[in-house]
Amino acid sequence: MPNVPSYPQLPPISLSRQLSGLSNPAFHIEDDPTSARSSASSRLSVHPAVNVEDVDSVGGGHRRHIRQILTPQDPNLKTLTVPRVSKASRQSKVADKEKNLHSQSEDDDEEETETAVRAWPSQSSILSGDDGLKERPASSASQASYVVNERLQELVKMFKERTERAKEKLIDPDDSDDDSPTASQPASPEREMEEQQPQSRLCCKVTPPRWIRALLQYRFPSSIDPFTNLVYVLWLFFVTLAWNWNVWLIPMRWAFPYQTPSNIYLWLLADYLCDLIYILDIMVFQPRLQFVRGGDIVFDKKDMRKNYMKTFRFKMDVISLVPLELFYFKTGINPLLRFPRLLKVMSFFEFNDRLEAILTKAYVYRVIRTTSYLLYCLHCNACLFYWISAYEGLGSTKWVYDGKGNSYIRCYYFAVKTLITIGGLPEPTTLFEIIFQLINYFVGVFAFSIMIGQMRDVVGAATSGQTYYRACMDNTVKYMASYRIPKDVQNRVKTWYNYTWQSQGMLDEQELLVQLPDKMRLDIAVDVNYDIVSKVSLFQGCDRQMIFDMLKSLRSVVYLPGDYVCKKGEVGREMYIIKAGEVQVVGGPDGKTVFVTLKSGSVFGEISLLAVGGGNRRTANVVAHGFANLFILDKKDLNEILVHYPESQKLLRKKASF
C-alpha cells in the first residue's frame, strides 16, 4: 500500500511537553491517552485523529533522526501520525522565507508545505517495544486505511492552496479576503445570475438627448456679440413674444369682457412672466453687449454696463417696468395700467434686424411683418368699436354692435370694412358715431396706402435680381430684333441668358463683389474657387499667395453646347480653367475629329498665354461639349501678378514649354 512505511522496529516515544502541530476539524491531536481512549468511539465515527510530534530533536547530534510515532494504549483506536519539522528548523525556514519572499520559487514552497506524511490503517498493526512488526490487518482495515489516505491527500492539497494564497497576500496586500477556500469552488448558476442582474441594472444608464446635454454644458458668456451670437437672437425672440403679448392683449382685455374673476389668475401669471423676461433682459443680457469705441471692440464688463446705462434704450426699458400695478389695490385690475410695457419697442425692432441678417430669404419675413402691421391696426380699431358700442349700449342703435355672436370676430369684421373702405356699413346716427366713423375713414385710407406701398417695396426688393435679368434679356432681344439677327443666334442668346440665370442666380458675379473691399473679395474667392484651382497641375509648386492674387482676377463664363472656346491660329489672350462641364480638342481634315476631352479642373490655352517672342497663337480648336462653365484669366492680369513672383513665373514658363 502506498505511503505505508515498513520499519522493522519503531519504539514508542512519549514527550512530556505539550506538542504543537497542525489543527484541523477533520483531525484531532491528543496528548492524554486516557482522554483519547474515552472519546475514541465518538470521534472515530466521523473522522480519524491525527497526532503530530517533533521528529528532529535538538540534543544528541550523534543520534539518528527517525520518524517517531505515538502509539495509544487502546489497540482499537485508529489515528494518523503526521511527522513534522522541529520548531528551530521551522523558525529558520520562516526567516529565510521573509528574506527571499519574492525570489523564492514555487518548488521551495512545495517542499516547505508538503511535510512527510505516513499513514497506517491501524496503530495495532505496528509493534511496540521489542515485539516487532506484526502482520497487516484484514481487508476491512485496508479499506479504512485507503479512505484515510485519500482524506489525508485532500488535506495536504488544502494546505498547499492555503499557503499559495498566503504568499499572494504577502506579495499584494491590497487584495481582499475574497480568496477564501470557498471562493475557489464554482458558484451555482442561480447565484451567478443574481450577481449579474444588479450589474446589468447598474450598467444601463439613461443617455439624455443631445440638446439637453448641450444645454447642461452651456456656460453663459461674459460678453455677447449682438450681431453674430445666435443665443442672443433667440433671447430677443422671447423678449419680442413678451412685448407682443402686451401689445395685442392689453387693448383687447381693456375693451372686451374676456378678463373675468374666474380666469384672472391666469392673466396675471402670464403678465408677470412677461415682466420677468423684461427684468432678465435689463439685468443679464443688455449689460453684456459688446460695443465699438474708437474702432476697438470693448469686452470689459464695467464698460459694457456703463455704456448700456447711458443709452436711450436703458431709459425706455426702465420706464416700461414702472409698477403701475400697485394701483390695482385702488382701481381694481385694469389692464390699461400695464400700458408702459409697450415702451420696450426697441427690442422688437432689434430682433427684426438680427433675424433679417441671418435669413437667406429675408423678404419673406418682411412680407409677414408688414402684414402683421396691417392686422394690428385692424385689431385696435375692432377694440375701439366694441368699447364705443359698450359705452352707448350694445344694440342701442343700428350702427353699434348688437351683442350677437362672437364679439371679437364681428367687431374685427367691422374694422376691416371700415379701414379698407369696402362700404356697406350702417349709417351712424349720433354725433359721436359720425366723428368716430370719419376718423376711421381717414386712418384707413392713409394706413392702407402706406401698407400697400411698403408691401410693394418689400416684394420689389425681393425680386430685384430677377427684374434686372428680365430687363437685360428684353433689351438684348430688342437689340437683336432691330438689327435683324438670325433666329438661331437669337435663340442661342436667349438660351445663354436662361442657363446663366438658373445656374448662377446672376448674370455677372463681378458686379456683386465689386462693392466689397479687396480683402473680403479675396476671402470669398478663396472659399469658392480655391479647391478647383489648387488641383490644377500647372499651378502646383507655385507660390500660394500668387494663386490667391490670381483668384481675384478670374471671370466665370458659360459656354453653350457646340460653342468654340478658342480656334487654332487666333491670338491667345486668355487662359481657361474648367469649373464645370467638359470641352473637346478637335481637329483633322474635317475639323471634327476629337483628340482629347478635358474635364473639370483641366487647363488649356496656357501655351499662348505664357509664350514669349510672339508665339502666342492658338495651336488647336476647343469646343464646348454641352454646357461648360469656365474660369477665364486674362494675359494682362496674369503678367501683372507674375511681376511680383519671379520664381513662379519661371516655373510656369518651364511647364508651358513642355
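User: What about helix α21, enclosed or open?
Analyst: Helix α21 (residues 544-551) is largely enclosed by the rest of the structure, because 6 of its 8 residues are buried. Buried means under 20% relative accessible area, exposed means over 50%, and partly exposed lies in between, with a 1.4 Å probe and protein chains only. Helices are DSSP runs of H or I with at least four residues, strands are runs of E with at least two, and both are numbered from the N terminus. This is a predicted model, where local features need pLDDT of at least 70 and side-chain atom pairs count only at pLDDT 80 or more, while totals for chains, interfaces and linings use all residues. Residues are numbered from 1 along each chain as its sequence is written, and side-chain values use heavy atoms, with hydrogens and water left out.

User: Which residues of α21 are buried?
Analyst: M546, I547, F548, D549, M550 and L551.

User: What caps the N-terminal end of α21?
Analyst: D543 does, with a side-chain oxygen 2.8 Å from the backbone nitrogen of Q545. A polar contact is a pair of N or O atoms within 3.5 Å; within protein, one must be able to donate a hydrogen and the other to accept it, and residues adjacent in sequence count only if both atoms are side-chain atoms.

User: And at the start of α23, which side chain reaches a backbone nitrogen?
Analyst: That of D634, which has a side-chain oxygen within 2.9 Å of the backbone nitrogen of K636.

User: Which residues are buried in α23?
Analyst: In α23 (residues 635-642), L638, I641 and L642 are buried. Seen down the helix axis, the buried residues fall within an arc of 95°, so they line one face of α23. The arc is that of the directions from the helix axis to the C-beta atoms.

User: Why would residues three or four places apart point the same way?
Analyst: Because an α-helix has 3.6 residues a turn.

User: How exposed is D637?
Analyst: D637 lies in α23 and is partly exposed, with a relative accessible area of 26%. D637 and S553 are 84 residues apart in sequence, yet 6.7 Å apart in space, C-alpha to C-alpha.

User: Switching to salt bridges. How many are there?
Analyst: The structure holds 21. A salt bridge is a side-chain nitrogen of Lys or Arg within 4 Å of a carboxyl oxygen of Asp or Glu.

User: Where do D317 and R313 sit?
Analyst: Both are in helix α11 (residues 312-320), 4 residues apart, about one turn of the helix. D317 is buried, with a relative accessible area of 2%, and R313 counts as buried at 12%.

User: What does R492 pair with?
Analyst: R492 forms a salt bridge with D563, the closest N and O atoms being 1.8 Å apart. R492 lies in α18 and D563 in the loop between β5 (555-559) and β6 (564-566), so the pair ties together parts that are 71 residues apart in sequence. R492 is partly exposed at 35% relative accessible area, whereas D563 counts as buried at 19%.

User: Which residues are joined into one network?
Analyst: R253, D271, D275, E325, R338 and R341, through salt bridges that share partners.

User: Cavities next. How many of 30 Å³ or more?
Analyst: A search of the whole structure finds 3. On a 1 Å grid over the protein atoms alone, a cavity is a set of points where a 1.4 Å probe fits but cannot get out, and lining residues have an atom within 4 Å of a point. Grid points are joined across faces, edges and corners, and a volume is the space filled by probe spheres set on the points.

User: What lines the second largest cavity?
Analyst: L374, C377, L378, L419, I420, V443, G444, A447 and F448. The elements giving two or more residues to that lining are α14 (362-392) and α16 (431-462), and α16 gives the most, with 4 residues. The space in this cavity is about 40 Å³.

Definitions and conventions. 1 Å grid on protein atoms, 1.4 Å probe; cavity = no way out; pocket = protein on both sides within 12 Å on 5 of 7 lines; lining within 4 Å.
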